[in-house]
Amino acid sequence: MDPVAQLVYNDTQVIAATAASDLSGLYNSLLDKYMQPGFWHGFFVSLAVIIVSEIGDKTFFIAAIMAMKHPRMLIFSAAIGALIVMTILSVVLGFITTIIPQVYTFYAATFLFVIFGLRMLYEGYHMNDDEGQEELEEVQMELKKKEEELDNQKTVSDLETGASETAAVSSTPSPIGSIFKSIFSPIFITAFTMTFLAEWGDRSQITTIILSSREDPWGVCIGGCFGHSLCTAGAVIGGRMIAQRISVRTVTLIGGVVFLLFAVSSLYRGPS
């Protein structure tokens, strides 16, 4: 082999070996991080809590009703965006509480799990079979008022600018312009704001904060976001059908049992 070609071949072999070594190190690092029992325990606990808390909840019906009148992808993006922001904020708040001695957060978390579990069992036991329909009608009334406010604002704006009398001819917007127009559209902002406010102070948010102080925060964050994605997708695709076929009362009772099981599991594992 020509000396120059041999040199190039040797350099190529060295580069390939170095790249393979770097990729192997990165793979092992990610494997060590995300295959730890703590990560998956936090992931599945967070996922279970979100599913039993969000099905039939106000945020579920907000996405379901708005998706019947507006583009589903737009409503899904707005709702899941608000829920992801809320989940990240909750995880950060929970992680901050780790500066408190772990024994205190352990007993506080276990106590709240018991309270949430007993409360959900109590609510589910005294809940009517048509509770989901009542929640659906309440959200429909709120959205109707919000849409009337938007219509009134749009009418006033049109009268001020004269847009109602003369039609302006505009060029076809670029894809990026369409995305920005959708993000800053009144519909997107309404769905995002209503979902965020409905989730603030909700049981699932408080539970996420508690879990982040006890479990692996990455697992809790990813599990929570995944759970919200599943629930929101279900709401957007067929929320009304799901609400009619799945008893909110049954989901609430199951949720109460799940929270109590988490409390027992927490006591079994101990504060360490």
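Figure 1. Of the contacts in the chain with a separation of 6 or more, 93% join residues 24 or more positions apart; a contact means heavy atoms within 4.5 Å. The model is predicted: local features need pLDDT of at least 70, side-chain atom pairs count only at pLDDT 80 or more, and totals for chains, interfaces and linings use all residues. Residues are numbered from 1 along each chain as its sequence is written, and side-chain values use heavy atoms, with hydrogens and water left out. The chain has 11 helices and 0 strands, where helices (H or I, at least four residues) and strands (E, at least two) are DSSP runs numbered from the N terminus. Of its 272 residues, 37% count as buried; buried means under 20% relative accessible area, exposed over 50%, and partly exposed in between (1.4 Å probe, protein chains only). The accessible surface of the chain comes to about 16100 Å², with 67% of this belonging to carbon and sulfur atoms. These areas come from the Shrake-Rupley method with a 1.4 Å probe, and for residues only the protein chains shown count as cover.

Figure 2. Side chains of opposite charge can pair when their charged atoms come close. Arg119 meets Glu123 at 3.0 Å, N to O. Because these two are 4 residues apart in helix α5, about one helical turn separates them. Arg203 also meets Glu123 in a salt bridge, at 3.4 Å, N to O. This pair links distant parts of the chain, with Arg203 in helix α9 (residues 203-214) and Glu123 in helix α5, 80 residues apart. Glu123 is partly exposed at 28% relative accessible area, whereas Arg203 is buried at 19%.

**Figure 3. A nonpolar surface patch on α4 and α5.** The patch covers about 950 Å², and its residues include Ile84, Ile88, Leu93, Val103 and Tyr107. Patches are made of residues with over 30% relative accessible area and no salt bridge; like charges are joined within 9 Å, and nonpolar side chains (Val, Leu, Ile, Met, Phe, Trp, Tyr) within 5 Å. Helices α4 (72-96) and α5 (102-125) are the elements that give two or more residues to the patch. The largest share, 5 residues, comes from α4. Ile84 is found in α4 and is partly exposed, with a relative accessible area of 31%.

Figure 4. His228 lies in helix α10 (residues 217-245) and is buried, with a relative accessible area of 3%. Not counting residues up to four places away in sequence, His228 touches Ile50, Glu54, Ile80, Leu83, Thr87 and Glu199. His228 also lines the largest cavity, along with residues including Glu54, Phe60, Leu83 and Cys231. A cavity is a set of points, on a 1 Å grid over the protein atoms alone, where a 1.4 Å probe fits but cannot get out; lining residues have an atom within 4 Å of a point. The largest cavity holds about 60 Å³ of space, its volume being the space filled by probe spheres set on the points, which are joined across faces, edges and corners. Helices α3 (58-69) and α10 each supply at least two lining residues.

**Figure 5. Ser185 between two helices.** Ser185 lies in the loop between α7 (175-183) and α8 (186-199). At 14% relative accessibility, Ser185 counts as buried. Ser185 and Leu74 are 111 residues apart in sequence and 9.8 Å apart in space, C-alpha to C-alpha.

Terms used
Salt bridge = Lys/Arg side-chain N within 4 Å of Asp/Glu carboxyl O. 1 Å grid on protein atoms, 1.4 Å probe; cavity = no way out; pocket = protein on both sides within 12 Å on 5 of 7 lines; lining within 4 Å.
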